[in-house]
Amino acid sequence: MKEIRIHGRGGQGAVTTSEIIVYAAVQDGKYGACFPYFGFEKKGGPVSAFVRIDENKIREKSQVYNPDCIMVIDPTLLNSVDVFVGAKENAILVINTKTIEGIEIPGNITKVAYVDANAASMDIFGKLLPNTIVLGAFVKATNWVSFDKVSEKTQEIWGPKNIEALEFGYNNVVIKEVKGGIIHD
Amino acid sequence: MKNIKVLDGNHAAAIGAILSKPDVVAAYPITPQTPLVQHFSQYVADGVMNSTIVEPESEHSAMSVLTGASLAGARTFTATSSQGLALMYEPYFRASTMRLPIVMNIVNREMISPQSVWGGPQDSLTVRDAGWIQIYVEDNQEILDMTIQAFKIAENKDVLLPINICYDGFYLSHMTEGVEVPLQEEVNGFLPPYKPTHVKLDPETPMAVDPLTPGNYLQYYRELHMQAMDNAKKIIKEVNDEFAEKFGRDYFGLVEPYRMEDAEYVLVTLGSLTGAARIAVDMAREKGIKCGLIKIRSLRPFPKDEVRELLKKAKAIGVIDRNVSFGWHTGIIYQEIKSAISNLDAVPTVPFIGGLGGEDLTTDLMVEALDCVIKAGENKQIDNEAHWLINRKGR
């Protein structure tokens, strides 16, 4: 089973992103389940969503405490939320950031995939909508769901501009191996 | 080819209701039920179906509208949660004692105080004696399938009782997963139209409904109501079996046994927490421990014979309650199970309480519960204090 925890801010589409991943997993012939961290979601406040993908039916109904992948849609969350808590050994970090210099990456994360989704979002949409760009980066970095199915659902929900964003993330993500918190090219 | 859609629990419920073609839907929105009503209204607005939707000013009015509609011969559907259910208590009771086969999904939400919007079946369990059939489900597929089955059970001429399909708020209502959606023609072939004769407001053939009634008659009506509940046991199983044959999904009727073949240590579960308990059972089985679980699906009518039969060889039992019974220091399901097995030899039975107010009931906690049951069995400890399951993850 692959467990994913998505960190975003209210209004950034973290929950819808989790639903698109589940859609793709199911279309790929696997099982998927997701739900948001329940609360009174406020625009701009930290939100998280939990996704599970497996070859078998997913039975537990609880939050993801030990993710195989952590997706960070908004880099400023690093200042307020411990996004790394509980990460599994050899976990993957997918993050929206210009640079990973200065980010203290814990030892159990062995792969970092990053893309400057804020800058790309300004180019594509003229405003800050980084989630589909990070989603594209996630698909490339993990290869857990097929790009075509993610693209299909993204098109249905958000339309063609977001396909451009998704493709940007997929094609421009920088993937680095990490060992003991030290980044390798 | 299977028609698999990716749906959250509320959307699955809305589709189940749409496929059942209710004539009248009256609902007042409340978290976490709100998206169900939203989806339903969308389908009607899109012309997918032509139910009459009433948006009343409260849940009390919603149930009252459906009471009138059902008396006029309509198939009716609604949904609510928590305080909404509490507010409709009076017409809720009347719907059952007037024998109106209204279908109402209850999206289980914790009762106040303190303020909470999160999951927990305290709301519907508290009104278990109001004469409705209550069925609790585990995942989104079961929500959809049981919403369809609900109409067939409720409208059966030997039952004619309203029914609740209860599912955990957020854990199912807002959880998205793949759900197989039956075709309309298939559902049409399974669920015939509702044609009431037992109680109906019809100017052509007038009938006095709900007049002031002295105790001797009222007592007789209660007896008939109890008889209908007993009949429902058979009908729930029959409808389950017919559904399984037509749609290929079998839920075992009133209670589902899981790995119970030779089980000595047994967990009793209800609702969405069952999945984690299944995993705990599988893990213990891998170590050679003879354990299993039973999932209570029908709380009313309560499957006392089935439960007694399934538990008669158990060396120890644990009941997982996501609710409380104030004054007993146990949960409600624990009381039900103890009543059902009261004429068996005393067996260690442990009351567990956890997952209140939307707290996670993780696989780890189910393992903890099972370990505790095994220990109580080995020590032959008949009397057991409530064991509170406390989620320490993410704290």
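User: What makes residues of chain B count as in contact with chain A?

Analyst: This is a predicted model. The test is C-beta atoms, placed from the backbone, within 7 Å. In the model, 22 residues of chain B are in contact with 18 residues of chain A. Strand 1 (4–8), strand 8 (176–180) and helix 10 (274–286) of chain B each give two or more residues to this side. Helix 10 of chain B has the largest share, four residues.

User: What makes strand 1 and strand 8 of chain B a pair?

Analyst: The same rule of at least two bridges applies. Here five bridges join the strands, so they pair. They run antiparallel. Lys5(B) has Val179(B) as its bridge partner in strand 8 of chain B.

User: Which sheet holds these strands, and what are its edge strands?

Analyst: Ten strands form an open sheet in the order 8(A)-7(A)-6(A)-5(A)-4(A)-1(A)-3(A)-2(A)-8(B)-1(B). The pairing is mixed. Strand 8 (182–184) of chain A and strand 1 of chain B are the edge strands, and each pairs on one side only. Neighbouring strands are turned by 25° against each other on average, direction ignored.

User: Which helices lie across strands of this sheet?

Analyst: One of them is helix 3 (residues 131–142) of chain A. Helix 3 of chain A lies across strand 1 (2–9), strand 4 (69–72), strand 5 (91–96), strand 6 (109–115) and strand 7 (174–179) of chain A, at about 150° to strand 5 of chain A. Helix 7 (residues 140–154) of chain B lies across strand 1 and strand 8 of chain B, at about 45° to strand 8 of chain B.

User: How is chain B divided, and how far apart are the C-alpha centres of its domains?

Analyst: Domain 1 of chain B covers 4–247 and domain 2 covers 255–389. Their C-alpha centres lie 28 Å apart. The contact takes 25 residues from domain 1 of chain B and 20 residues from domain 2 of chain B. Helix 9 (215–247) of chain B is among the elements that supply at least two residues of the domain 1 side. Helix 9 of chain B gives the most, with five residues.

User: Why do strand 9 and strand 15 of chain B stand at the edges of their sheet?

Analyst: Six strands of chain B form this open sheet, in the order 9-11-10-13-14-15. Strand 9 (255–258) and strand 15 (387–389) of chain B each have a single partner strand, so one side of each is left without a neighbour in the sheet. The twist averages 20° from one strand to the next.

User: How do you know that strand 14 and strand 15 of chain B pair?

Analyst: At least two bridges are needed. Three bridges join strand 14 (residues 349–354) of chain B to strand 15 of chain B, so they pair. These strands run parallel. Ile353(B) stands opposite Trp388(B) in strand 15 of chain B.

Key
Residues are numbered from 1 along each chain as its sequence is written. Chains are lettered from A and ligands numbered from 1 in the order in which they are written. This is a predicted model: local features need pLDDT of at least 70, side-chain atom pairs count only at pLDDT 80 or more; totals for chains, interfaces and linings use all residues. Axes are lines fitted to C-alpha atoms, for helices over the stretch in contact, and angles run from 0 to 180 degrees between N-to-C directions. Domain bounds come from an automatic or database domain assignment. Two residues are in contact if their C-beta atoms, placed from the backbone, lie within 7 Å.
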